[in-house]
Amino acid sequence: MCPENKGDDMAAEQTVILDSAGVKRALTRIAHEIMERNKGVADVVLIGIRSGGVYLADGIAQLIDVIEGSAVPVGAVDITLYRDDLSGQLPHQSVGQTDIPFSLEGKKVVLVDDVLFTGRTIRAAMDALMDHGRPQCIQLAVLIDRGHRELPIRADYVGRNVPTSLKENVQVLFDNNNQPIEVVLEK
(Lines give C-alpha, C1' and ligand atoms only; values in the text may rest on other atoms or scores of the structure.)
Protein backbone atom coordinates (compact mmCIF):
# COMPACT_ATOMS: atom_id res chain seq x y z
CA MET A 1 0.00 0.00 0.00
CA CYS A 2 1.07 3.56 -0.54
CA PRO A 3 1.76 5.73 2.48
CA GLU A 4 -1.12 7.99 3.43
CA ASN A 5 -0.80 11.72 3.88
CA LYS A 6 -1.42 12.53 7.53
CA GLY A 7 -2.16 16.20 6.94
CA ASP A 8 1.15 17.36 8.41
CA ASP A 9 3.00 16.28 5.25
CA MET A 10 4.42 13.31 7.15
CA ALA A 11 3.77 10.05 5.35
CA ALA A 12 2.64 7.15 7.50
CA GLU A 13 4.56 3.94 6.96
CA GLN A 14 2.22 0.98 6.58
CA THR A 15 3.15 -2.64 7.14
CA VAL A 16 0.78 -5.46 6.25
CA ILE A 17 0.63 -7.72 9.31
CA LEU A 18 -2.11 -10.03 8.01
CA ASP A 19 -3.01 -10.52 4.35
CA SER A 20 -6.39 -11.90 3.24
CA ALA A 21 -5.22 -15.53 3.61
CA GLY A 22 -3.89 -14.75 7.11
CA VAL A 23 -7.18 -13.11 8.09
CA LYS A 24 -9.13 -16.15 6.86
CA ARG A 25 -6.86 -18.52 8.81
CA ALA A 26 -7.25 -16.43 11.97
CA LEU A 27 -11.05 -16.31 11.65
CA THR A 28 -11.19 -20.06 10.96
CA ARG A 29 -9.12 -20.72 14.08
CA ILE A 30 -11.40 -18.46 16.13
CA ALA A 31 -14.48 -20.30 14.79
CA HIS A 32 -12.97 -23.67 15.80
CA GLU A 33 -12.01 -22.35 19.25
CA ILE A 34 -15.54 -21.01 19.84
CA MET A 35 -17.02 -24.42 18.98
CA GLU A 36 -14.49 -26.28 21.13
CA ARG A 37 -14.85 -24.07 24.21
CA ASN A 38 -18.65 -24.13 24.06
CA LYS A 39 -18.88 -27.83 23.12
CA GLY A 40 -20.71 -26.98 19.91
CA VAL A 41 -22.84 -23.95 19.22
CA ALA A 42 -26.04 -24.64 21.16
CA ASP A 43 -27.12 -21.36 22.80
CA VAL A 44 -24.17 -19.49 21.21
CA VAL A 45 -24.87 -16.13 19.56
CA LEU A 46 -22.43 -13.72 17.94
CA ILE A 47 -22.73 -9.96 18.46
CA GLY A 48 -20.49 -7.74 16.35
CA ILE A 49 -19.48 -4.27 17.51
CA ARG A 50 -20.19 -1.71 14.80
CA SER A 51 -18.70 -1.56 12.32
CA GLY A 52 -15.74 -3.90 11.73
CA GLY A 53 -16.84 -6.34 14.41
CA VAL A 54 -20.17 -6.85 12.65
CA TYR A 55 -18.46 -7.91 9.43
CA LEU A 56 -16.14 -10.27 11.32
CA ALA A 57 -19.05 -11.77 13.28
CA ASP A 58 -20.82 -12.50 9.99
CA GLY A 59 -17.67 -14.17 8.65
CA ILE A 60 -17.21 -16.29 11.78
CA ALA A 61 -20.88 -17.34 11.65
CA GLN A 62 -20.47 -18.43 8.02
CA LEU A 63 -17.37 -20.46 8.94
CA ILE A 64 -19.17 -22.12 11.86
CA ASP A 65 -22.08 -22.99 9.57
CA VAL A 66 -19.70 -24.63 7.07
CA ILE A 67 -17.69 -26.47 9.74
CA GLU A 68 -20.45 -27.44 12.17
CA GLY A 69 -23.48 -27.41 9.88
CA SER A 70 -25.34 -25.17 12.33
CA ALA A 71 -26.38 -21.58 11.84
CA VAL A 72 -25.42 -19.24 14.67
CA PRO A 73 -27.56 -16.12 15.24
CA VAL A 74 -25.69 -12.87 14.57
CA GLY A 75 -26.52 -9.44 15.90
CA ALA A 76 -24.91 -6.01 15.95
CA VAL A 77 -24.40 -3.51 18.73
CA ASP A 78 -23.60 0.19 18.45
CA ILE A 79 -21.81 1.49 21.52
CA THR A 80 -21.73 5.22 20.73
CA LEU A 81 -24.06 6.22 23.56
CA TYR A 82 -22.24 3.97 26.06
CA ARG A 83 -18.73 5.34 25.52
CA ASP A 84 -16.98 7.06 28.42
CA ASP A 85 -14.20 8.63 26.36
CA LEU A 86 -16.08 11.08 24.14
CA SER A 87 -16.38 13.97 26.61
CA GLY A 88 -14.24 16.37 24.58
CA GLN A 89 -15.88 15.48 21.29
CA LEU A 90 -18.71 17.11 19.39
CA PRO A 91 -22.08 16.89 21.18
CA HIS A 92 -23.86 15.23 18.22
CA GLN A 93 -22.17 11.88 17.70
CA SER A 94 -23.30 9.72 14.82
CA VAL A 95 -25.25 6.83 16.32
CA GLY A 96 -25.50 3.54 14.46
CA GLN A 97 -28.12 0.88 14.84
CA THR A 98 -28.14 -1.90 17.38
CA ASP A 99 -29.74 -4.96 15.82
CA ILE A 100 -30.20 -7.93 18.15
CA PRO A 101 -33.25 -9.79 16.74
CA PHE A 102 -33.18 -12.54 19.37
CA SER A 103 -33.22 -12.89 23.14
CA LEU A 104 -29.91 -12.83 25.02
CA GLU A 105 -31.42 -14.49 28.09
CA GLY A 106 -29.33 -17.54 29.00
CA LYS A 107 -27.26 -17.33 25.81
CA LYS A 108 -23.51 -17.66 25.45
CA VAL A 109 -22.73 -14.34 23.78
CA VAL A 110 -19.52 -14.04 21.79
CA LEU A 111 -18.81 -10.33 21.40
CA VAL A 112 -16.75 -9.72 18.24
CA ASP A 113 -14.50 -6.75 17.48
CA ASP A 114 -11.73 -6.09 15.00
CA VAL A 115 -9.03 -4.51 17.22
CA LEU A 116 -8.73 -4.69 21.01
CA PHE A 117 -6.86 -1.70 22.42
CA THR A 118 -7.71 0.03 25.73
CA GLY A 119 -10.76 -2.10 26.52
CA ARG A 120 -13.13 0.87 26.68
CA THR A 121 -15.06 -0.19 23.57
CA ILE A 122 -15.58 -3.65 25.06
CA ARG A 123 -16.76 -2.21 28.39
CA ALA A 124 -19.25 -0.04 26.53
CA ALA A 125 -20.43 -3.02 24.47
CA MET A 126 -21.00 -5.10 27.61
CA ASP A 127 -23.05 -2.26 29.11
CA ALA A 128 -25.12 -2.10 25.91
CA LEU A 129 -25.65 -5.87 25.91
CA MET A 130 -26.92 -5.85 29.49
CA ASP A 131 -29.64 -3.42 28.40
CA HIS A 132 -30.88 -6.16 26.04
CA GLY A 133 -30.99 -9.04 28.51
CA ARG A 134 -28.90 -11.17 30.80
CA PRO A 135 -26.73 -13.66 28.93
CA GLN A 136 -25.36 -16.80 30.57
CA CYS A 137 -21.85 -15.51 29.78
CA ILE A 138 -20.05 -13.04 27.53
CA GLN A 139 -16.93 -14.12 25.67
CA LEU A 140 -14.73 -11.86 23.54
CA ALA A 141 -13.30 -12.60 20.09
CA VAL A 142 -10.96 -10.12 18.39
CA LEU A 143 -8.98 -10.31 15.19
CA ILE A 144 -6.12 -8.21 16.63
CA ASP A 145 -5.06 -7.59 20.23
CA ARG A 146 -2.62 -4.69 20.26
CA GLY A 147 -2.22 -4.32 24.02
CA HIS A 148 -2.31 -1.08 26.08
CA ARG A 149 -5.31 -2.02 28.22
CA GLU A 150 -6.76 0.64 30.52
CA LEU A 151 -9.40 -1.72 31.92
CA PRO A 152 -9.10 -5.34 33.13
CA ILE A 153 -10.40 -6.87 29.90
CA ARG A 154 -8.88 -9.73 27.91
CA ALA A 155 -10.02 -11.57 24.81
CA ASP A 156 -11.02 -15.23 24.94
CA TYR A 157 -10.25 -15.68 21.23
CA VAL A 158 -7.48 -13.76 19.47
CA GLY A 159 -6.58 -13.93 15.80
CA ARG A 160 -3.18 -12.35 16.39
CA ASN A 161 -1.38 -10.45 19.13
CA VAL A 162 0.43 -7.41 17.75
CA PRO A 163 2.46 -5.45 20.31
CA THR A 164 2.35 -1.77 19.35
CA SER A 165 3.47 1.58 20.62
CA LEU A 166 0.89 4.20 21.49
CA LYS A 167 1.99 6.17 18.43
CA GLU A 168 1.12 3.31 16.07
CA ASN A 169 -2.30 2.45 14.71
CA VAL A 170 -3.79 -0.87 13.57
CA GLN A 171 -6.42 -0.89 10.82
CA VAL A 172 -8.48 -3.80 9.52
CA LEU A 173 -9.33 -3.05 5.90
CA PHE A 174 -12.50 -4.37 4.26
CA ASP A 175 -13.50 -4.57 0.59
CA ASN A 176 -16.75 -3.25 -0.90
CA ASN A 177 -18.52 -6.47 0.17
CA ASN A 178 -17.41 -5.97 3.79
CA GLN A 179 -14.95 -8.86 3.59
CA PRO A 180 -11.68 -8.33 5.51
CA ILE A 181 -8.81 -8.06 3.05
CA GLU A 182 -5.85 -7.20 5.27
CA VAL A 183 -4.63 -5.76 8.54
CA VAL A 184 -2.07 -2.96 8.46
CA LEU A 185 0.14 -1.39 11.10
CA GLU A 186 0.63 2.36 10.60
CA LYS A 187 3.76 3.90 12.08
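Buried means under 20% relative accessible area. The model used in these exercises is predicted.

**Exercise 1.** Classify valine 172 as buried or exposed, and place it in its strand.

*Solution.* Start with the element. Valine 172 lies in strand E9, residues 169-174. Next, take its relative accessible area, which is 8%. The cut-off for buried is under 20%. Therefore valine 172 counts as buried.

**Exercise 2.** List the contacts of valine 172, leaving out residues up to four places away in sequence.

*Solution.* Now check valine 183 by C-alpha atoms. Valine 172 and valine 183 are 11 residues apart along the chain, yet their C-alpha atoms are separated by 4.4 Å.

**Exercise 3.** Work out the strand order of the open sheet of 5 strands, and find its edges.

*Solution.* The order reads E5-E4-E6-E7-E8, and the pairing is parallel. The edge strands are E5 (74-77) and E8 (157-161), since each pairs on one side only. On average, neighbouring strands are turned by 25 degrees against each other, direction ignored.

**Exercise 4.** Describe how strand E4 is joined to E5, then find the helix that packs on the sheet.

*Solution.* Strand E4 covers residues 44-49. It runs parallel to E5, and 4 bridges join the two. Leucine 46 stands opposite valine 74 in E5. The helix is H3, residues 120-130. Helix H3 touches E4, E5, strand E6 (108-116) and strand E7 (137-145). Finally, compare directions: that of H3 makes about 150 degrees with that of E6.

Note on methods:
Residues numbered from 1 in each chain as written. Predicted model: local features only at pLDDT ≥ 70, side-chain atom pairs only at ≥ 80, totals over all residues. Heavy atoms only, no water. Pairing = 2+ DSSP bridges. Axes fitted to C-alpha atoms, helices over the stretch in contact; angles between N-to-C directions. Contact = heavy atoms within 4.5 Å. Buried < 20%, exposed > 50% of the residue type's maximum accessible area, 1.4 Å probe, protein only.
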